[in-house]
Amino acid sequence: MIIENLPDYLTRGRFRSRKAGRAVQPARNRAGPGGTNEGGIFLAANTKKKSFLQKMRGNWDLLLFCLPGMIFTIIYHYIPIYGMQIAFRNYKPKKGIWGSDWVGLKNFMRFFNSADWMILVRNTLLLSVYSLAAGFPVAVILALMLNSFRHKRYRKLIQAVTYAPNFISTIVMCGMLILFLSPRVGVVNNVIRALGGETINFMAEVSMWRHIYVWSGVWQGMGWSSVIYFAALAGVSPEYHEAAIVDGATKFQRILHIDLPFLAPTMTMLLIMNMGSILSVGFEKAYALQNDLNLPVSDIIATYTYRYGIIKSDISYSSAVGLMNSIVNSILLVTVNYITGKMSDNALF
Amino acid sequence: MEGTHKHVRRARADVIYDTIIFIILTFLFLIVAYPLYFVIISSISDPIAVSAGKVVFAPVGFTLDGYKEVFKTKTVVRGFLNSLVITVMGTSINLLVTIPTSYALSRPDFTLKRPITLFYILTMFVGGGMMPTYVVVRNTGLLNTWWALVLPGCLGVYNMIVARTFFKTNIPLELMEAAKLDGCGNTKFFLYVVLPLSGAITAILCLYYGVGHWNSYFSALIYIQKRELWPLQLELRNILVLNSNVMTRQVMTEEELLEKRRLDALKEMMKYSLIIISSIPVLIIYPFVQKHFVKGVMIGSVKG
């Protein structure tokens, strides 16, 4: 027996006092394969651990299934979360994340003392609130309209076509916008000129940029974001509609009082999710539509972070801005969730 | 549902409602469809007619010069091939990681199911942000390699949830118990029973991941400086976005201006064709897979 060869101080208290336990060992030894009785005793001494390990014994290979994904997620997702501390340091690539000097809140102070931060936060907030305010109702209304549409085959066609832009890449989308709105050869300006108007240089026009950004987003996303509502509407029980018809409700009244309330939980859930990312407007599109002339309205936190971090290599400062952004996002998410939880039972968590 | 009430005379309010809906939806349909149609007809029209605004309903002066120009542009062809390789490589890795993980997490008897699910859900809400991630990618030596586009996002949490829901509803537990009685372990069961049954979910994941890889440019913009490794979207950005006709107030010499004009004409010609060609892989599969895409959203919506 291995245990008897162990030094006294290791086994004392644990095993010596359990003479009774040792007495039944031979029986156990016969039951299990040889050599595991050591583990058996250890486990017997610690019942909680035993249950867990024994449970794991049946499906340890399922853990192997998860392992590759977990390793990469730890490396590229959780280590960066830990690495956010470079926001509080003066990051030097040579010294590494953990060797760089600690500077406290200096990077944050620099951001809040600069003239940029008010503009950035305003641009970001306006853009995302505007996108949400425009895109959210459009998706719901589109789903309600499609659901009540009488011509089934035409409806399928409309759905197929409105979903399609969702699969156009951001770059192509922005390329199309720039092409259509081009002052010299663009279609839109051709029409304006044909109607006797003056050429508008849309992409350089500060007052136009937000509208272009938001409504092109609605154009691209409305079909796809309506899918989830359309799917939910399939769950409305026909009895409600039948009862309402008997009571003489018109179609519009039925949509307003049956379909719309039915969508409320889905809407709340998506609204909360969107609120959580209100300060993280997609980098890709804003950056692609940016140029020197529209920068006063098109510069958002994400593009600012990119410009300072990647192009100017001011990594610590850029991280500080990014960290501040995530903190605000989390606060918003929790707050909105709390408020909706108070108002209805539809809170996310 | 409406069909069952056809024999009932529709109320006047309903007739008005139906008419309004018909008009609005047709309007929306045209708004979405026309720009797409316009790109197609412009790509096969005479560029001068396009810029003069003569192309409205049908192509004018049929020509394929734009497409020829695209195929002559080496950077675009290289980008296209790069993107194909990245998409295939990325999607394969995504599938290799996502499918086993979501299967394991779909098993109610998996002891670590809860903590690991939480581990992934958390990543949806907290993240390190652009710069800390960049530093880690650089320190792991992935900068200027395609691995940087593939490994950090090798498991999409949303896709994982969709797949997990699929396995939960489509692989009965009894099947596993029966296999276990016959002495079949988890790995064997996964390889010989689960995988052959998961064709539909594999298709959905392939499409979600594939389209994502094909369309993204952000990671490549950050992590890849070497032009030879650029995916198509970055090359497109150079042509479609950066060389756009925004009148920046730059002072140019006469020669530069002439050269710019020549290039402009050439580029205008090929931009429409370029949009079409870059969307071809997605366009080709879209009609066949639209149903799957929608199915994916519906599976996902069941479990938030």
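Helix α13(A) bends by about 50° at G221(A). The model is predicted. In chain A, α13 covers residues 206–233, which is 28 residues. From its first C-alpha to its last, α13(A) reaches 40 Å. That is close to the 40 Å expected at 1.5 Å a residue.

**Helix pairs**

Two packed helices are described by the angle between their axes and the distance between the axes. One pair from each chain follows.

| Pair | Residues | Axes come within | Crossing angle |
|---|---|---|---|
| α8(A) and α19(A) | 106–113 and 315–343 | 9 Å | roughly 75° |
| α4(B) and α13(B) | 74–106 and 232–242 | 7 Å | roughly 150° |

Take the chain A pair. Helices α8(A) and α19(A) cross at roughly 75°. That makes α8(A) roughly perpendicular to α19(A). On the α8(A) side, the contact is made by N107(A), F108(A), R110(A) and F111(A). Facing them in α19(A) are S316(A), Y317(A), A320(A), V321(A) and M324(A). By class, the contact of α8(A) with α19(A) has six nonpolar, two polar and one charged residues.

Now the chain B pair. The axes of α4(B) and α13(B) cross at roughly 150°. An angle over 145 degrees counts as roughly antiparallel, so α4(B) is roughly antiparallel to α13(B). From α4(B), the residues in contact are T75(B), V76(B), G79(B), F80(B), N82(B) and S83(B). They meet L232(B), L234(B) and E235(B) in α13(B). The contact of α4(B) with α13(B) has four nonpolar, four polar and one charged residues.

**Domains of chain B**

How many residues of domain 1 of chain B are in contact with domain 2 of chain B? Four residues of domain 1 touch four residues of domain 2. The domain 1 side of this contact divides into two nonpolar, two polar and no charged residues.

**Between the chains**

Chain B contributes 82 residues to its contact with chain A, and chain A contributes 83. Which helix gives the largest share of the chain B side? It is α1(B), residues 12–43, with 15 residues. By class, the side of chain B that touches chain A has 50 nonpolar, 24 polar and eight charged residues.

Methods: Residues numbered from 1 in each chain as written. Chains lettered and ligands numbered in written order. Predicted model: local features only at pLDDT ≥ 70, side-chain atom pairs only at ≥ 80, totals over all residues. Axes fitted to C-alpha atoms, helices over the stretch in contact; angles between N-to-C directions. Helix = DSSP H or I, 4+ residues; strand = E, 2+ residues; numbered from the N terminus. Parallel < 35°, antiparallel > 145°, perpendicular 65-115°, else oblique. Contact = placed C-beta atoms within 7 Å. Nonpolar A, V, L, I, M, F, W, Y, C, P; charged D, E, K, R; others polar. Expected span 1.5 Å × (residues − 1). Bend = angle between axes of the 7 residues up to and from the residue.
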